[in-house]
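The following paragraphs lead the reader through a predicted model.

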Amino acid sequence: MKKQFNRMRQLANQTVGRAEKTEVLSEDLLQVEKRLELVKQVSHSTHKKLTACLQGQQGAEADKRSKKLPLTTLAQCLMEGSAILGDDTLLGKMLKLCGETEDKLAQELIHFELQVERDVIEPLFLLAEVEIPNIQKQRKHLAKLVLDMDSSRTRWQQTSKSSGLSSSSQPAGAKADALREEMEEAANRVEICRDQLSADMYSFVAKEIDYANYFQTLIEVQAEYHRKSLTLLQAVLPQIKAQQEAWVEKPSFGKPLEEHLTISGREIAFPIEACVTMLLECGMQEEGLFRVAPSASKLKKLKAALDCCVVDVQECSADPHAIAGALKSYLRELPEPLMTFELYDEWIQASNIQDQDKRLQALWNACEKLPKANHNNIRYLIKFLSKLSEYQDVNKMTPSNMAIVLGPNLLWPQAEGNITEMMTTVSLQIVGVIEPIIQHADWFFPGEIEFNITGNYGSPVHVNHNANYSSMPSPDMDPADRRQPEQARRPLSVATDNMMLEFYKKDG
């Protein structure tokens, strides 16, 4: 009780400045003491934020952690979706592959989090909440011992003064001896505690490289986790792409021609062949074919059907204008015109040549420069238009009219202008490209051609379903192996065809 009273009195004296506290730590250790608190704060904050990054339940075993992991839930959802849709659908296949991959990624994530928790989070917790607090606790204990030592020394000194002896001599009497022993004992305890504290502080400084390794370990574990995850993803991507490439039903509208042909394994684009073969059967004598705008709803339906390779020939045959509109839409929605951007200037220059023979030769030269896929499809289309022109007395679609309404869908410049410029360009230049090619189709593309390549839409000899005529013969023709050019601008809508036709007539 008396010792506690003396300690309180000594503390009070130090507080008001009447006594000086003895400093038993070196300057280096005092700097370490300041650093301890900073490291504790940083370690505590890092531990807290790093724990928040964990997706699994901290401290749980791998199996329990997996159940609540978002990736595991996602993998289960994908696998269930695959079971519902079945492996015979593309989506079903994709869901199964992705589900298996997400499950593997979840397992890698669990392994990663367990390793981070063991090698980084737990050591940081021990550093911030155990090791540094223990050192700080020792420092507080040393401060109390120093206070006791200072109090004992002060009382001994006061006793020495009161007995008339100098500070360097031993005070007489039993009380002075007792105070001296108490002072020496307190000094001994201070020395023992100081040595232990110093050892711990120096050990803390020496182990800083170990603490730094926690963060190096974090990055190394993350790098390994991401490497394994990337390996998993790279392994499954070729399988996913292979499944999609093997899937026959792929959209064609708005897709590059060569991409569509490569994927479908065709030489003639599916929408072109389907529309041409159906028109050969039901639309050759339809007045205003390609010029008269079809019903928007029927056109939309037919385009959607063509896009997924499912066409009801009997239903479509009732509206040849919708078929023609779908063919025009496909050509117009190609990212690059069938006659290509690269050859646009050459087509236009050829159309401006006054001498007919030289103009035809220049057009033929440009046609020969077309890529093989474009050449095959333009040949197919021009041979059909040439066949269609044989019925111009009935359908009113002369090569000139067809060039006006179809030209902007076959050739346009990369930098599109306004509609007035487009119509002027069509009337003066594009018609000069398309019309002679249709008129001289057998010269540009010698030889015969089989329109119904896949055999899905009937034979080249067609029966008309319209009321105004019953049947029609299949005229002779001369197709061949050459290519075609590029020119005018993309029309804004099917309705602009009539406007361009009227403009062309007025323009003469």
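Within helix H6, the buried residues are Ala176, Leu179, Met183, Ala186, Val190, Cys193, Leu197, Ser198, Met201 and Phe204. The partners of the buried residues of H6 are helix H2 (27–53), helix H5 (90–162) and helix H7 (208–246), against which they pack.

The length of H6 can be checked against its residue count. Helix H6 covers residues 174–206, and because its 33 residues at 1.5 Å a residue should span 48 Å, the distance of 48 Å between its end C-alpha atoms agrees with expectation.

The chain as a whole may now be considered. Its secondary structure consists of 20 helices and zero strands. Of its 508 residues, 46% are buried. When contacts between residues at least 6 apart in sequence are taken, 82% of them join residues at least 24 apart. The chain has an accessible surface of about 26,300 Å², and carbon and sulfur atoms account for 53% of that surface.

The interior comes next. In soluble globular proteins, nonpolar side chains tend to be buried together. In this model, the largest nonpolar core contains 72 residues, and Phe290, Trp347 and Leu385 are those with the most contacts inside it. Helix H9 (residues 270–282) supplies the largest share of this core, namely nine residues. Another core, of 38 residues, lies apart from it and includes Val39, Leu105, Leu197 and Tyr214.

Ile84 is located in helix H4 (residues 70–85). Is Ile84 buried or exposed? Its relative accessibility is 71%, and because the cut-off for exposed is over 50%, Ile84 counts as exposed.

Glu368 and Phe444 are separated by 76 residues in sequence, while their C-alpha atoms are 9.4 Å apart in space.

Technical notes
Residues are numbered from 1 along each chain as its sequence is written. This is a predicted model: local features need pLDDT of at least 70, side-chain atom pairs count only at pLDDT 80 or more; totals for chains, interfaces and linings use all residues. Side-chain values use heavy atoms; hydrogens and water are left out. Helices (H or I, at least four residues) and strands (E, at least two) are DSSP runs, numbered from the N terminus. Buried means under 20% relative accessible area, exposed over 50%, partly exposed in between (1.4 Å probe, protein chains only). Contact means heavy atoms within 4.5 Å. Accessible areas come from the Shrake-Rupley method with a 1.4 Å probe; for residues, only the protein chains shown count as cover. A nonpolar core is a set of buried Ala, Val, Leu, Ile, Met, Phe, Trp, Tyr and Cys residues joined through side-chain atoms within 4.5 Å. The expected span of a helix is 1.5 Å times one less than its number of residues.
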